Amino acid sequence: MKRGMLHHIELYVSNLEESREFWSWLLDKLGYQLFQRWEKGFSWKLGDTYLVFVQTEDEYQEPRYHRRRTGLNHLAFFAESRDEVDYFTAELQKKGVSVLYQHAHPFAGGKDHYAVYFEDPDRMKVEIAAPE
(Lines give C-alpha, C1' and ligand atoms only; values in the text may rest on other atoms or scores of the structure.)
Protein backbone atom coordinates (compact mmCIF):
# COMPACT_ATOMS: atom_id res chain seq x y z
CA MET A 1 0.00 0.00 0.00
CA LYS A 2 1.15 3.51 -0.74
CA ARG A 3 0.18 6.56 1.26
CA GLY A 4 -2.55 8.50 -0.51
CA MET A 5 -3.62 5.67 -2.81
CA LEU A 6 -7.33 5.09 -3.06
CA HIS A 7 -8.39 2.34 -0.64
CA HIS A 8 -11.98 1.76 -1.76
CA ILE A 9 -15.13 3.36 -3.15
CA GLU A 10 -18.54 2.37 -1.82
CA LEU A 11 -21.54 2.81 -4.10
CA TYR A 12 -25.17 2.39 -3.11
CA VAL A 13 -27.30 0.92 -5.89
CA SER A 14 -31.06 0.77 -6.42
CA ASN A 15 -31.15 -2.87 -7.57
CA LEU A 16 -28.33 -5.06 -6.32
CA GLU A 17 -28.93 -7.92 -8.77
CA GLU A 18 -28.98 -5.64 -11.84
CA SER A 19 -25.83 -3.94 -10.62
CA ARG A 20 -24.16 -7.27 -9.87
CA GLU A 21 -24.83 -8.47 -13.43
CA PHE A 22 -23.60 -5.24 -15.01
CA TRP A 23 -20.54 -4.60 -12.85
CA SER A 24 -19.37 -8.22 -12.49
CA TRP A 25 -18.88 -8.60 -16.24
CA LEU A 26 -17.14 -5.25 -16.57
CA LEU A 27 -14.86 -5.54 -13.55
CA ASP A 28 -13.88 -9.10 -14.44
CA LYS A 29 -12.83 -7.94 -17.92
CA LEU A 30 -10.81 -5.09 -16.35
CA GLY A 31 -8.88 -7.55 -14.19
CA TYR A 32 -10.70 -7.14 -10.87
CA GLN A 33 -11.49 -10.19 -8.76
CA LEU A 34 -14.55 -10.81 -6.65
CA PHE A 35 -13.47 -9.85 -3.13
CA GLN A 36 -16.54 -10.06 -0.88
CA ARG A 37 -20.18 -11.05 -1.23
CA TRP A 38 -22.97 -10.81 1.33
CA GLU A 39 -26.75 -10.55 1.29
CA LYS A 40 -26.89 -6.78 0.70
CA GLY A 41 -23.68 -6.22 -1.22
CA PHE A 42 -20.55 -7.32 -3.00
CA SER A 43 -17.09 -5.98 -3.77
CA TRP A 44 -14.42 -6.42 -6.45
CA LYS A 45 -10.71 -5.81 -5.90
CA LEU A 46 -7.71 -4.91 -8.06
CA GLY A 47 -4.42 -4.54 -6.24
CA ASP A 48 -5.03 -2.70 -3.00
CA THR A 49 -8.18 -0.91 -4.23
CA TYR A 50 -11.68 -2.26 -4.17
CA LEU A 51 -15.16 -1.20 -5.23
CA VAL A 52 -18.10 -1.93 -2.93
CA PHE A 53 -21.73 -2.10 -4.09
CA VAL A 54 -24.48 -2.02 -1.48
CA GLN A 55 -28.26 -2.27 -1.87
CA THR A 56 -29.91 1.07 -1.05
CA GLU A 57 -32.55 0.67 1.62
CA ASP A 58 -36.12 1.37 0.45
CA GLU A 59 -36.47 4.53 2.53
CA TYR A 60 -33.51 6.10 0.68
CA GLN A 61 -34.42 5.19 -2.91
CA GLU A 62 -35.68 8.71 -3.68
CA PRO A 63 -34.50 10.99 -5.08
CA ARG A 64 -32.81 8.85 -7.71
CA TYR A 65 -29.11 9.26 -8.48
CA HIS A 66 -28.11 11.86 -11.06
CA ARG A 67 -24.48 12.57 -11.88
CA ARG A 68 -25.08 16.30 -12.31
CA ARG A 69 -26.14 16.70 -8.69
CA THR A 70 -23.58 17.25 -5.98
CA GLY A 71 -21.54 14.10 -5.52
CA LEU A 72 -19.88 11.56 -7.75
CA ASN A 73 -20.01 12.34 -11.48
CA HIS A 74 -18.38 9.22 -12.91
CA LEU A 75 -15.84 6.44 -12.50
CA ALA A 76 -13.01 6.21 -15.03
CA PHE A 77 -10.88 3.13 -15.64
CA PHE A 78 -7.78 2.67 -17.77
CA ALA A 79 -7.84 0.24 -20.66
CA GLU A 80 -4.60 -1.29 -21.92
CA SER A 81 -4.93 0.27 -25.39
CA ARG A 82 -7.22 1.88 -27.92
CA ASP A 83 -7.98 -1.61 -29.21
CA GLU A 84 -9.27 -2.56 -25.77
CA VAL A 85 -11.48 0.55 -25.69
CA ASP A 86 -12.89 -0.59 -29.04
CA TYR A 87 -13.43 -4.10 -27.62
CA PHE A 88 -15.39 -2.70 -24.66
CA THR A 89 -17.40 -0.46 -26.99
CA ALA A 90 -18.44 -3.45 -29.11
CA GLU A 91 -19.22 -5.63 -26.09
CA LEU A 92 -21.30 -2.91 -24.44
CA GLN A 93 -23.30 -2.46 -27.64
CA LYS A 94 -23.88 -6.24 -27.87
CA LYS A 95 -25.23 -6.10 -24.31
CA GLY A 96 -27.60 -3.27 -25.28
CA VAL A 97 -25.73 -0.64 -23.25
CA SER A 98 -25.88 2.75 -24.93
CA VAL A 99 -22.59 4.49 -25.64
CA LEU A 100 -22.79 8.12 -24.56
CA TYR A 101 -21.73 11.03 -26.78
CA GLN A 102 -22.06 9.01 -30.00
CA HIS A 103 -21.51 12.17 -32.06
CA ALA A 104 -17.96 12.50 -30.72
CA HIS A 105 -17.08 8.87 -29.80
CA PRO A 106 -14.30 7.83 -29.16
CA PHE A 107 -12.91 11.37 -28.74
CA ALA A 108 -15.70 12.79 -26.57
CA GLY A 109 -13.08 13.71 -23.95
CA GLY A 110 -11.02 15.68 -26.47
CA LYS A 111 -8.88 15.04 -29.54
CA ASP A 112 -6.16 13.32 -27.52
CA HIS A 113 -8.44 11.32 -25.19
CA TYR A 114 -9.63 7.97 -26.61
CA ALA A 115 -12.41 6.53 -24.46
CA VAL A 116 -15.87 5.02 -24.28
CA TYR A 117 -18.51 6.49 -21.95
CA PHE A 118 -21.65 4.67 -20.84
CA GLU A 119 -23.98 4.31 -17.86
CA ASP A 120 -24.61 1.58 -15.30
CA PRO A 121 -28.19 0.51 -14.37
CA ASP A 122 -28.53 3.53 -12.02
CA ARG A 123 -27.28 5.84 -14.79
CA MET A 124 -23.91 6.36 -13.13
CA LYS A 125 -21.48 7.33 -15.88
CA VAL A 126 -18.53 5.01 -16.46
CA GLU A 127 -15.52 5.71 -18.66
CA ILE A 128 -12.90 3.36 -20.02
CA ALA A 129 -9.94 5.30 -21.39
CA ALA A 130 -6.89 4.29 -23.36
CA PRO A 131 -3.51 5.34 -21.97
CA GLU A 132 -2.26 8.59 -23.45
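**Exercise 1.** In this predicted model, determine which residues Trp23 touches, leaving aside residues up to four places away in sequence.

*Solution.* Step 1: apply the contact criterion, heavy atoms within 4.5 Å. Step 2: list the partners of Trp23, which are Asp28, Phe53, Leu75, Phe77, Asp120 and Val126.

**Exercise 2.** State which residues touch the most other members of the largest nonpolar core, and which element supplies the largest share of this core.

*Solution.* Step 1: the core comprises 29 residues. Step 2: Trp23, Leu26, Leu27, Phe53, Phe77, Val116 and Phe118 touch the most other members. Step 3: at least two core residues come from each of several elements, among them strand 1 (8–13), helix 1 (16–29), strand 3 (41–46) and strand 4 (49–55). Step 4: helix 1 supplies the largest share, 6 residues. As general background, nonpolar side chains in soluble globular proteins tend to be buried together.

**Exercise 3.** Describe the open sheet of 3 strands: its strand order, its edges and the angle between neighbours.

*Solution.* Step 1: the order is 5-7-6, and the pairing is mixed. Step 2: strand 5 (74–78) and strand 6 (115–119) are the edge strands, since each pairs on one side only. Step 3: on average, neighbouring strands are turned by 20 degrees against each other, direction ignored.

**Exercise 4.** Characterise the pairing of strand 6 with strand 7, and identify the helix that packs on the sheet.

*Solution.* Step 1: strand 6 and strand 7 (residues 125–129) run antiparallel and are joined by 5 bridges. Step 2: Glu119 has Lys125, in strand 7, as its bridge partner. Step 3: helix 2 (residues 82–94) packs on the sheet and touches strand 6 and strand 7. Step 4: the direction of helix 2 makes about 30 degrees with that of strand 6.

Notes. Residues are numbered from 1 along each chain as its sequence is written. This is a predicted model: local features need pLDDT of at least 70, side-chain atom pairs count only at pLDDT 80 or more; totals for chains, interfaces and linings use all residues. Side-chain values use heavy atoms; hydrogens and water are left out. Two strands pair if DSSP finds at least two bridges between them. Helices (H or I, at least four residues) and strands (E, at least two) are DSSP runs, numbered from the N terminus. Axes are lines fitted to C-alpha atoms, for helices over the stretch in contact, and angles run from 0 to 180 degrees between N-to-C directions. A nonpolar core is a set of buried Ala, Val, Leu, Ile, Met, Phe, Trp, Tyr and Cys residues joined through side-chain atoms within 4.5 Å. Buried means under 20% relative accessible area, exposed over 50%, partly exposed in between (1.4 Å probe, protein chains only).
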